[in-house]
Amino acid sequence: MSTADITPGNASEMNPDELARACADAMWAGDKASQGLGMEIVEVASGRAVIAMTVTEAMVNGHGICHGGFLFTLADSAFAFACNSHNQNTVASHCAVSFLRPGRLGERLVATAVERWREGRSGITDVTVTNGGGEVLAEFRGNSRTIKGTLLPGQ
């Protein structure tokens, strides 16, 4: 089922992973920031998202490594797709990142977000950013807050 097929009522008939995918498709359609940086959705499930991005020349800083802001943005995008997988509009209330290794020009970076806790309107999601060799480049923790509205009709 694509987001074009979703009508009021049938979003509630999806299993959690189908709902997560439909929410990701709906978010992706308007996410010009992630698209503009060449990100791609690798995987989405309930409370989980994997997003990838290749480091381009425009992302390299004066030290010849990936600017930390781009690592943060990749992690933040994965965080957003994991948090919004339940069809409740969700935003960040606080995020922190630890940079452990540099990203390099041409490397494909992968951010894996896993929701650790969600209750009421609050949540905690951890994101690990790795390179093609599986080395951990950054660890990100985001606190989320649900706000009014849904991504899909019918809920």
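**Figure 1. Burial and overall build of the predicted protein.** Buried residues make up 39% of the 155 residues in this predicted model. Buried means under 20% relative accessible area, exposed means over 50%, and partly exposed lies in between (1.4 Å probe, protein chains only). The accessible surface comes to about 7,600 Å². Carbon and sulfur atoms hold 51% of that surface. These areas come from the Shrake-Rupley method with a 1.4 Å probe; for residues, only the protein chains shown count as cover. Residues are numbered from 1 along each chain as its sequence is written. Because the model is predicted, local features need pLDDT of at least 70 and side-chain atom pairs count only at pLDDT 80 or more, while totals for chains, interfaces and linings use all residues; side-chain values use heavy atoms, with hydrogens and water left out.

**Figure 2. Fold and dimensions.** The protein has three helices and six strands. Along the sequence they follow the pattern α-α-β-β-α-β-β-β-β. The radius of gyration is 16 Å, close to the 15 Å that the globule rule gives for 155 residues, so the protein is as compact as a globular protein of that length. Helices (H or I, at least four residues) and strands (E, at least two) are DSSP runs, numbered from the N terminus. The radius is taken over C-alpha atoms, and the globule rule is 2.2 Å times the number of residues to the power 0.38. The C-alpha atoms fill a box of roughly 50 × 30 × 25 Å, taken along the principal axes. Among contacts with a separation of 6 or more, 64% join residues 24 or more positions apart. Contact means heavy atoms within 4.5 Å.

**Figure 3. Charged side chains.** The protein carries 12 positive and 16 negative side chains. The centres of the two sets lie 6 Å apart. Lys and Arg count as positive, Asp and Glu as negative; His and the chain ends are not counted. Each charge is placed at NZ of Lys, CZ of Arg, CG of Asp or CD of Glu.

**Figure 4. Aromatic rings around F79.** The structure holds three aromatic pairs. One of them is formed by F79 and F140 and is tilted: 5.6 Å centre to centre, with 55° between the planes. This pair links distant parts of the chain, 61 residues apart. F79 sits in helix 3 (residues 68-83) and F140 in strand 6 (residues 136-146). Both F79 and F140 are buried. Together with F72, they form one aromatic cluster. Rings of Phe, Tyr and Trp (its six-membered ring) pair if their centres lie within 6.5 Å; planes under 30 degrees apart count as stacked, over 60 as edge-to-face and the rest as tilted.

**Figure 5. D76 in helix 3.** D76 lies in helix 3. D76 is partly exposed, with a relative accessible area of 28%. Leaving aside neighbours within four places in sequence, D76 is in contact with C95 and F140. H86 is ten residues from D76 along the chain, and their C-alpha atoms are separated by 17 Å.

**Figure 6. Two asparagines in loops.** N87 lies in the loop between helix 3 and strand 3 (90-99). Its phi is near 65°, a positive value in a residue other than glycine. N87 has 1% relative accessibility and counts as buried. N131 is placed in the loop between strand 5 (122-130) and strand 6. N131 also counts as buried, at 6% relative accessibility. Neighbours within four places aside, N131 is in contact with E107, R108, L109 and L137. A11 is 120 residues from N131 in sequence and 35 Å from N131 in space, C-alpha to C-alpha.

Figure 7. P16 is found in helix 1 (residues 16-30). P16 is exposed, with a relative accessible area of 53%. Apart from neighbours within four places in sequence, P16 is in contact with S46 and S85. P16 and K148 are 132 residues apart in sequence and 20 Å apart in space, C-alpha to C-alpha. S12 is found in the segment before helix 1. At 45% relative accessibility, S12 counts as partly exposed. S12 and L152 are 140 residues apart in sequence, yet 9.7 Å apart in space, C-alpha to C-alpha.
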